[in-house]
Each structure stands twice: as structure tokens, then as C-alpha cells.
Amino acid sequence: MKTTTTTRDRVLGTLWGISLGDAFGMPMEMWPRDRRERQLGYVTTLLPGQPDNDISKGRAAGETTDDSAFSRLICELLIEYGAVEPLALAQRIIAWRSRGGEKCELVLGPSTKQAIESIAAGGSVEEAGRGGRTNGAAMRIAPVGWLFDDYHEVLQQAQQCTICSHMHKEAIRGAQCVAAVIYWLRTGRVTKEGLETAVERSFGYEIPPLRDIYKIGMQGHFDSSCQETVPWALRCFLESSSFEDAIRKAVMARGDTDTKACICGAIAEAYYDVPDHLYNKACSYLEKDMLDVIVQYCNHMQNEIDS
């Protein structure tokens with residue numbers, strides 16, 4: 001378990017776990033476990049996107065997807081507003097999509113895509129996000145769990161992050177659960193051993209055994225719902241012995257690998273220290289805009305402390 005929570009730890013925790021999980025899961029997105037093992041073996045390092053994978057092809061080793069990009073956008077909003085403003089988040093997602101071309105189009109989730117197209121056409125933010133029920137809000141929510149110090153504010157800000165694209169009750173529940181778990185673990189309010197009970201009591205999730213998750217994953221199953229992604233990511237963390245082990249377990253679960261590993265990595269980073277070799281590799285691989293946001297937020301938080 002982590003022994004320090006300095007300003008730097010909190011800022012790095014916001015993005016490292018997300019980015020590393022995302023990058024580890026990206027190359028084999030949607031592949032069943034047997035195909036991943038046949039083509040890639042036991043994954044021990046960050047790999048490039050695979051040419052025969054429709055989603056990851058063309059991506060460099062360590063490159064991240066919308067999971068990390070949208071978490072970065074939330075960090076930017078927290079720097080500027082101190083809270084998540086739904087229309088501003090939607091506008092930044094629209095700009096990200098416009099800049100990114102085909103790579104962004106391939107990874108953009110269905111709920112987010114439908115919502116931002118509605119907003120771009122003049123629809124209201126609240127109406128645009130009303131039907132979104134997938135895991136897109138839960139995957140980007142980690143900054144809220146790290147950067148707010150009151151449990152009720154964590155839940156409120158997590159819901160704010162869902163408004164522009166994921167307003168279905170299941171999407172809200174998933175996002176709030178992930179943010180709360182990160183908050184609980186980093187503050188020590190809930191132990192790892194008590195986490196499963198706390199999640200079931202507060203959010204109603206039953207977390208399946210890891211063997212069942214792997215059995216389903218072996219069948220080529222893909223489900224982007226929060227009802228599956230969030231409990232599966234939590235189980236991978238609960239059964240882990242280290243940050244790296246948590247990420248690997250999430251990747252082995254198959255299906256929506258980048259999002260499961262992204263959520264699992266964000267949770268694991270709130271509990272474990274990130275190994276130096278992964279930290280250094282992330283620094284060398286992460287896009288400049290992601291690193292810039294980390295520096296900006298470090299400065300922002302230090303100014304808040306000094307004032």
C-alpha cells in the first residue's frame with residue numbers, strides 16, 4: 001500500500017495508472033484470450049497496435065486511446081474551473097475528435113459519439129447524454145477520485161462528468177463507483193480487504209470471481225456496459241499483488257481491454273506504487289499534451305497549497 005500522498009503523488013496518480021492500463025490493453029482490444037496468447041504470448045511490456053486489430057492498428061507502443069485523452073481533458077477543466085463543466089467537456093471532446101482523424105474515430109465509444117454529434121448539431125448537453133449507458137464515463141473519472149477530498153463532492157463531480165454523454169443510471173453508478181473506490185483507497189477510508197463489501201453496500205455491484213471472468217473472456221465476449229466493466233476491473237485489482245499484476249489481470253480478462261485495464265490501473269495506482277521501470281517508460285511514451293497537463297496541475301495544486 002502507498003505510504004505517501006504528496007501533491008506530486010496525487011497529480012501523477014491522476015494520470016499514470018490510467019495511461020499505463022490504457023496502453024497495455026490497447027494492442028489486443030476485443031481479442032479473446034487464446035488469440036492474444038497465440039500472437040503475443042505473456043505480455044511483459046508495452047506493445048504497438050497490431051496490424052490485424054481493427055482498433056489498435058497503426059498505434060505506437062505506449063500510445064493511449066480515448067480513455068486517457070478524456071481523463072486529461074477532465075484534468076484541464078479542473079485546472080481552469082476547479083470543477084467539471086459539462087458543456088466545456090463536450091466541446092473539448094469534439095475538438096479532440098476533430099484533431100485526431102481516423103485514430104480517434106476508431107476508438108470513440110458509441111455513447112460519446114452519439115452525444116457529441118447531437119451537441120455539435122445544436123442539441124442541449126443534458127438531452128445529448130441522456131441515453132448513454134456504456135463505460136465511457138467510468139473510464140475517464142479517475143481525476144475526480146484523486147483531486148477531491150470530500151466523499152459527497154466526489155460523487156457529485158463524478159455525476160457532472162457523465163452529463164454530456166452518459167446520463168443513464170448505470171453509467172452514473174459506474175462512474176461514481178470508480179471515483180469513490182479511488183477516493184477510499186488513497187485516503188485509507190476503506191481497506192483493500194473491505195473494498196468488495198463497501199462496493200456492494202454503496203453501489204450494489206456483485207463482483208464475480210476471476211475464474212468466471214476469464215472463462216467468459218476466453219469465448220471472445222465483448223461488453224462495454226458499466227455493469228460488466230466496473231466489477232470486472234475491480235476483481236482484477238482485488239486479486240492482484242502489485243500494480244503491474246493488476247494491469248496484467250485486467251488485460252487477460254479480454255474484451256474491452258483498454259478500458260478494463262485503464263479503470264483497473266487507476267484503482268491500482270491509488271493503492272500500489274507504480275514500479276520505476278513502468279514510470280520511466282510512461283514518461284518516454286506519453287504524448288506531450290498529457291505530460292504538459294501533469295506539469296500544469298502540479299503547479300496549480302502547489303499554488304493552492306501556498307496561497
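Reply: Asparagine 135 sits in the loop that joins α6 (125-128) to α7 (136-139); helices here are DSSP runs of H or I with at least four residues, and strands are E runs of at least two, numbered from the N terminus. The model is predicted, with local features requiring pLDDT of at least 70 and side-chain atom pairs pLDDT 80 or more, while totals for chains, interfaces and linings use all residues. Residues are numbered from 1 along each chain as its sequence is written, and side-chain values use heavy atoms, without hydrogens or water.

Asparagine 135 has a relative accessibility of 5% and therefore counts as buried (under 20% relative accessible area, with exposed over 50% and partly exposed in between, for a 1.4 Å probe and protein chains only). When neighbours within four places in sequence are set aside, the residues in contact with asparagine 135 (heavy atoms within 4.5 Å) are Ser224, Ser225, Cys226, Thr229, Asp256 and Thr259.

For the protein as a whole, 59% of the 307 residues are buried. The secondary structure consists of 17 helices and zero strands.

One of the helices, α14, is mostly covered, with ten of its ten residues buried. These include the charged side chains Glu244, Asp245, Arg248 and Lys249, as well as Phe243, Ala246, Ile247, Ala250, Val251 and Met252. Just after α14, arginine 254 adopts a positive phi of about 70°.

Helix α14 (residues 243-252) packs with helix α15 (residues 257-269): their axes come within 8 Å and cross at roughly 160°. The axes are lines fitted to C-alpha atoms over the stretch in contact, with angles from 0 to 180 degrees between N-to-C directions. The two helices α14 and α15 are therefore roughly antiparallel (over 145 degrees). On the α14 side, Phe243, Ala246, Ile247, Ala250 and Val251 take part, and they meet Thr257, Lys260, Ala261, Cys264, Gly265, Ala268 and Glu269 of α15. By class, the residues of this contact are eight nonpolar, two polar and two charged (nonpolar: Ala, Val, Leu, Ile, Met, Phe, Trp, Tyr, Cys and Pro; charged: Asp, Glu, Lys and Arg; polar: the others, Gly among them).

Conventions. Angles under 35 degrees count as roughly parallel, over 145 as roughly antiparallel, 65 to 115 as roughly perpendicular and the rest as oblique.
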